[in-house]
2 protein chains.
Amino acid sequence: MTVDDAGAKSSLQRGLAILRLLADGNETGARLTDIARALNLTPPTVHRILKTLVEEGMVEADKGSKRYRLGIDLFAMAARAGNPNNLRDICRPIMLRLSATLRDTIFLMVRSGFDAVCLDRSEGPFPIRSFTGDIGGRVTLGIGQGSLAILAFLPEEEREEVIRFNLPRMQGVGILDEVYLRTEIARVRDVGYASRSTGLLPGMSGVAVPVLDRQGHAVAALSVGTINERLNEERLPVVVDILRREAAGVCRQLNPFDPVLRRPAAILGSGAA
Amino acid sequence: MTVDDAGAKSSLQRGLAILRLLADGNETGARLTDIARALNLTPPTVHRILKTLVEEGMVEADKGSKRYRLGIDLFAMAARAGNPNNLRDICRPIMLRLSATLRDTIFLMVRSGFDAVCLDRSEGPFPIRSFTGDIGGRVTLGIGQGSLAILAFLPEEEREEVIRFNLPRMQGVGILDEVYLRTEIARVRDVGYASRSTGLLPGMSGVAVPVLDRQGHAVAALSVGTINERLNEERLPVVVDILRREAAGVCRQLNPFDPVLRRPAAILGSGAA
DNA sequence: TCATCTATTCCGCATATCGGAAACTTTCTC
DNA sequence: GAGAAAGTTTCCGATATGCGGAATAGATGA
């Protein structure tokens, strides 16, 4: 990801570029010169911007002022970004219930550009792997069940745009070609859920249902990640059924507008069973 | 929180100020004029900055371009900020184990300036309330068990600074006066854990142990939040003991430096029991 | 329909930002 | 441990960059 060449102008853009750079490789941290090199900036410039970012609490300088990494402040601030339309709050109890009932790990995914992002995750007792990884993790939209469920139920125009953009990105991740992808999407739209389309992660399986808005377009996906044995022909329909029911509940809470009054009701208390 | 008056100069600072403003009230979103008013900026300025932020994916403009809110991109980026020294990754399995064993909710707290921030949280079956709230939530350092455990084990100099700064902030939240706070801190240092210092949240109790570095200073705290009945004199020592053991494990994984080689070993796989 | 409030574009001025050069510090090498 | 190399930080003048007043376009409501 080269942010350097052409466009990087304003100090805001440069600052954000630095933040993004720090976000990759945040475990290790980055040194001033590395940042300068990576972004085609001069050390003084990077230094000044970093200074500002540190003052603002977005970046922390390691002792001895050697390495820079993202600050906890940024984390705390941005944590609130992961709750669009109260989606996360609404889904939290549902996810807890799901992981307790199903004894599997539940994911809440939303779209972000050409990716899907994991908004929340509720662990089950079985250790699993997933594309998404942890909360905040990203996957190419279309890879993985939750991701695919969202893609399949995007408005047609957007769906086409995403497919066009993402096909090249999917090479070598199990998506063979466009025909295959479109077949998958059609099937997901048909049956209303996405189920272990491919055995991309050995031994792992998953199911996902979309959370739809009034127009029938995906705003999110609820998905289950588990091991192959726990998603056999017998159990799959049961899981799908439960997921569907909960997704419908989310949908209802997401559109809490009285058609007449257009008043966004505060309904978080009315626990849906 | 007025960021306006004196210092706001650079576009970077203004941009970050806008992000922070959007972070509050992110459920509802903010309009351009509101932002301008709140930050003492002119509408054109805010518009231009917002445009940049939207282009950079940090902010999303609601349909009809009426309201702005933080973008999922920011969330995804900042999620990595919540893993300093791999602390979160290291603690994840431990927290899962703890919440499964104790059947209570476990919190992972770290310091951020004069606050403590909730880095992670693993839910138990009992619904609880806490100061920290969700992941990313903040509390004044010293209020709540996890928070207090960190404060108590800060280097003396920093501790004093925090106490001085935070005492006024604690008015009306159960901290009566400085003497009381210092007594509490001394006791926590003495026994090595913080336990429901005050019944601030009716019906709720908690215990926390610090995660210490080599110098014996707190880098984090593991805490349990539960209801009063579940933390009686009988159970408390048991819980403390388990917490201590796990905290020690975290500590060991946090300092994975071979004293001679100074090589940061990648040890995440070596599951500590 | 008109009035009011809000969002967006334009543009000249002033300022905040840039980066070269150099001092200073840390880290590496022998 | 001394010298070299790389990295970090300060300084400062030129200029590009972002600022905000004013005017336009769009939305909202009476």
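In the predicted model described here, a sugar or linking oxygen of DNA strand C is placed 3.1 Å from an N or O atom in the side chain of His47(B), a polar contact being a pair of N or O atoms within 3.5 Å, where within protein one atom must be able to donate a hydrogen and the other to accept it, and residues adjacent in sequence count only if both atoms are side-chain atoms. Residues are numbered from 1 along each chain as its sequence is written, chains are lettered from A and ligands numbered from 1 in the order in which they are written, and side-chain values use heavy atoms, with hydrogens and water left out. Because the model is predicted, local features need pLDDT of at least 70 and side-chain atom pairs count only at pLDDT 80 or more, whereas totals for chains, interfaces and linings use all residues.

DNA strand C has 19 residues around it, of which Thr45(A), Arg48(A), Lys66(A), Ser10(B) and Thr33(B) come nearest; a residue is near a strand if one of its heavy atoms lies within 4 Å of it. Of the atoms of DNA strand C that come within 4 Å of the protein, 79% belong to sugar and phosphate. At least two residues of the surface near DNA strand C are supplied by each of α1 (11-23) and α3 (43-55) of chain A and α2 (32-39) and α3 (43-55) of chain B, helices (H or I, at least four residues) and strands (E, at least two) being DSSP runs numbered from the N terminus. This surface comprises five nonpolar, eight polar and six charged residues, where Ala, Val, Leu, Ile, Met, Phe, Trp, Tyr, Cys and Pro count as nonpolar, Asp, Glu, Lys and Arg as charged, and the others, Gly among them, as polar.

DNA strand D is surrounded by 19 residues, and the closest are Ser10(A), Thr33(A), Thr45(B), Arg48(B) and Lys66(B). Sugar and phosphate make up 80% of the atoms of DNA strand D that come within 4 Å of the protein.

The contact between the protein chains, defined by heavy atoms within 4.5 Å, takes 50 residues from chain B and 49 residues from chain A. About 4,400 Å² is buried between the two chains, 60% of it on carbon and sulfur atoms, buried area being the accessible area (1.4 Å probe) that two parts lose on being put together, summed over both. Across this interface 12 salt bridges are found, each a side-chain nitrogen of Lys or Arg within 4 Å of a carboxyl oxygen of Asp or Glu; among them, Asp134(A) pairs with Arg92(B), with the closest N and O atoms 3.5 Å apart. The side of chain B that touches chain A has 23 nonpolar, 13 polar and 14 charged residues.
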